[in-house]
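Please keep the sequence and the structure in view while reading.

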Amino acid sequence: MIQAGDFKNGMAVVIDGQVHQVLEFQHVKPGRGQAFVRAKIKNLETGATVNRTFRPDERFPLAHIEKRDMQYLYEADGQYFFMDTETYDQVGLASEQLGDAVRFLKEGMVVKVLKTGDKTLGIELPTAVDLKVVETEPGVRGDTAQGGSKPAKLETGAVVQVPLFVDTGDVIRVDTRTGEYVERVS
C-alpha cells in the first residue's frame with residue numbers, strides 16, 4: 001500500500017479496481033484548508049487519461065507490472081503483433097491498447113510490453129526513435145525572428161513539426177513522449 005502523498009512519476013497503482021499509471025503529480029498546499037495531491041493518471045486497461053485529486057493520506061495498493069522486451073512484427077486488421085525476444089511467443093494487441101504509441105511503431109523495433117498477471121496492458125516505447133522523413137515541403141527561409149518550422153510526414157505515418165533545413169529522405173530523432181522533433185541524425 002502506498003499513500004497518495006508518496007506518488008512518483010511512472011508509478012503503477014490500483015485505483016477503483018483498475019491499474020493506473022501516475023503520469024504527473026503535484027502536492028498542493030492552499031493557504032486555507034487541507035493539503036491535497038493533484039495527479040494526472042492513465043488507466044492502463046482502457047488508455048484513458050484523467051486528472052484526479054486525492055487526500056495525501058489516501059492509500060492504494062501498488063500494481064505489479066512486468067515489462068518484457070518484445071519485437072514489433074506487423075499489423076493486420078487493427079491488431080499489432082509482437083514477439084517475445086527470449087521465448088519467441090507472440091501476442092496481438094488492439095490499436096486501442098496501444099493508443100498514441102502506434103504513431104511511432106516501426107517493424108523490427110524492440111519495445112517493452114506491459115503485463116499484469118496474465119493481462120497485457122499496452123507497450124512502452126523507447127524515449128526516442130529514429131524515423132525517415134518521407135514527405136515535407138522544401139524549406140524557404142523568410143522573415144522569421146525565431147527558427148521556422150514546417151510539417152513533415154514520417155515513414156510510420158506520423159506528422160511532426162521540423163526545422164526548415166530538414167528535407168525529404170533525412171532521418172530524424174523524435175521524442176516518443178511528446179511527439180516532438182529532437183535532432184537530425186547523420
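## Strand 15 and its partners

Ala 128 has Asp 175, in strand 15, as its bridge partner. This pair belongs to the antiparallel pairing of strand 12 (residues 128–136) with strand 15 (residues 171–175), in which five bridges join the two strands. Two strands are said to pair if DSSP finds at least two bridges between them. Strands are DSSP runs of E with at least two residues, helices are runs of H or I with at least four residues, and both are numbered from the N terminus. Lys 132 stands opposite Val 171 in strand 15. The model is predicted: local features need a pLDDT of at least 70 and side-chain atom pairs count only at pLDDT 80 or more, whereas totals for chains, interfaces and linings use all residues. Residues are numbered from 1 along each chain as its sequence is written, and side-chain values use heavy atoms, with hydrogens and water left out.

Strand 15 also pairs with strand 16 (residues 180–185), again in the antiparallel sense and over five bridges. Asp 175 stands opposite Glu 180 in strand 16, and Val 174 stands opposite Tyr 181 in strand 16. The hairpin formed by strand 15 and strand 16 has four residues between the strands, and Gly 179 takes a positive phi near 75° there.

In which order do the strands of the open sheet of five strands lie? The order is 14-13-12-15-16, with antiparallel pairing. Strand 14 (159–163) and strand 16 are the edge strands, each pairing on one side only. Neighbouring strands of this sheet are turned by 55° against each other on average, direction ignored. For such angles, axes are lines fitted to C-alpha atoms, for helices over the stretch in contact, and the angles run from 0 to 180 degrees between N-to-C directions.

Another open sheet has four strands in the order 2-3-4-5, with antiparallel pairing. Its edge strands, each pairing on one side only, are strand 2 (12–15) and strand 5 (49–54). Strand 4 and strand 5 run antiparallel and are joined by six bridges; the bridge partner of Ile 41 in strand 5 is Val 50. Strands of a sheet pair through backbone hydrogen bonds, either parallel or antiparallel.

## The largest pocket

The largest pocket holds about 890 Å³ of space. Of the 32 residues that line this pocket, the closest to its centre are Gln 21, Leu 23, Lys 42, Thr 176 and Arg 177. The elements that give two or more residues to the lining are strand 3 (18–28), strand 4 (36–43), helix 1 (95–98) and strand 11 (119–124). The lining residues divide into eleven nonpolar, 13 polar and eight charged. Ala, Val, Leu, Ile, Met, Phe, Trp, Tyr, Cys and Pro count as nonpolar, Asp, Glu, Lys and Arg as charged, and the others, Gly among them, as polar.

A pocket is found on a 1 Å grid over the protein atoms alone, as an open set of points where a 1.4 Å probe fits, with protein on both sides within 12 Å along at least five of seven lines; lining residues have an atom within 4 Å of a point. Grid points are joined across faces, edges and corners, and the volume is the space filled by probe spheres set on the points.

Asp 84 lies in strand 8 (residues 79–84). Is Asp 84 buried or exposed? Its relative accessibility is 5%, so Asp 84 counts as buried. Buried means under 20% relative accessible area, exposed over 50%, and partly exposed in between (1.4 Å probe, protein chains only). The side chain of Asp 84 makes a polar contact with the side chain of Arg 68 at 2.6 Å. A polar contact is a pair of N or O atoms within 3.5 Å; within protein, one must be able to donate a hydrogen and the other to accept it, and residues adjacent in sequence count only if both atoms are side-chain atoms.

Glu 124, in strand 11, is partly exposed, with a relative accessible area of 29%. Asp 16 is found in the loop between strand 2 and strand 3, and Asp 16 is exposed because its relative accessibility is 68%. Although Asp 16 is not a glycine, it has a positive phi of about 55°.
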